[in-house]
Amino acid sequence: SIWVRDRFGFPPEEVEDMEHEITLEVSEACVFRATTHHSDGVDIHLKLTVQGQEKQQVCKSIKHPGPVPRQSIFCLLQPGAYSLTFYAEYPLGGLHPCSDFF
């Protein structure tokens, strides 16, 4: 198993679209899991597709219950090329939330 844990920020050229794609090359069947954790002020979503076929989702993302917006993908992947896409949206219809109110 491989664990990749990191803090992530959208690269400057992707901030406007708030979408980032990572290519995954799988050489043998494996169980794949990706989970988002707390993010300040935005809801992060996941999408796993066969590379080059953005409409064909490999497995469905699941929303975690509770007040913190988190999602997971958990499924068996067969050998091939996949795209893991992170995309974000502001929960208030595109308005950046305020951290303080006066």
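Q: Which residues form a nonpolar patch on the surface?
A: In this predicted model, the patch is made of V31, F74 and L76, which together have about 340 Å² of accessible area. One of the three, V31, sits in strand 2, residues 30–35.

Q: Is V31 buried or exposed?
A: The reading rests on relative accessible area, where a residue counts as exposed over 50%. V31 has 59%, so V31 is exposed.

Q: What does S83 touch, leaving out residues up to four places away in sequence?
A: The contacts of S83 are with E21, I22, K47, L48, T49 and Q51. With E21 there is also a polar contact between the side chains, at 3.2 Å.

Q: How many disulfides are there?
A: A disulfide is read from the distance between two cysteine sulfur atoms, which must be within 2.5 Å. The count here is 1. The pair is C59 and C75, with sulfur atoms 2.3 Å apart.

Q: Are C59 and C75 buried or exposed?
A: C59 has a relative accessible area of 9% and is therefore buried. C75 is also buried, at 14%.

Q: What is close in space to V50 but apart in sequence?
A: Two distances are read side by side here, one along the sequence and one between C-alpha atoms. V50 and A81 are 31 residues apart in sequence, while their C-alpha atoms are 6.3 Å apart. V50 lies in strand 3 (residues 43–50) and is partly exposed, at 21% relative accessibility. Beyond its neighbours within four places in sequence, V50 is in contact with Q56, V58, A81 and Y82.

Q: How many residues apart in sequence are I22 and L84?
A: They are 62 residues apart in sequence, and 5.1 Å apart in space from C-alpha to C-alpha. I22 is in strand 1, residues 19–26. At 33% relative accessibility, I22 counts as partly exposed. Its contacts, again leaving aside neighbours within four places in sequence, are Y82, S83, L84 and F86.

Q: What does the protein look like when read along the sequence?
A: The pattern is β-β-β-β-β-β-β, with 7 strands and 0 helices. Among contacts between residues at least 6 apart in sequence, 73% join residues at least 24 apart.

Q: What part of the protein counts as buried?
A: Of its 102 residues, 30% count as buried. The accessible surface comes to about 7,800 Å², and carbon and sulfur atoms account for 55% of that surface.

Methods
Residues numbered from 1 in each chain as written. Predicted model: local features only at pLDDT ≥ 70, side-chain atom pairs only at ≥ 80, totals over all residues. Heavy atoms only, no water. Patch = residues over 30% accessible without salt bridge, like charges linked within 9 Å, V, L, I, M, F, W, Y side chains within 5 Å. Areas by Shrake-Rupley, 256 points an atom, 1.4 Å probe, with all protein chains shown as cover. Salt bridge = Lys/Arg side-chain N within 4 Å of Asp/Glu carboxyl O. Helix = DSSP H or I, 4+ residues; strand = E, 2+ residues; numbered from the N terminus. Buried < 20%, exposed > 50% of the residue type's maximum accessible area, 1.4 Å probe, protein only. Polar contact = N/O pair within 3.5 Å; in protein donor to acceptor, adjacent residues only side chain to side chain. Contact = heavy atoms within 4.5 Å.
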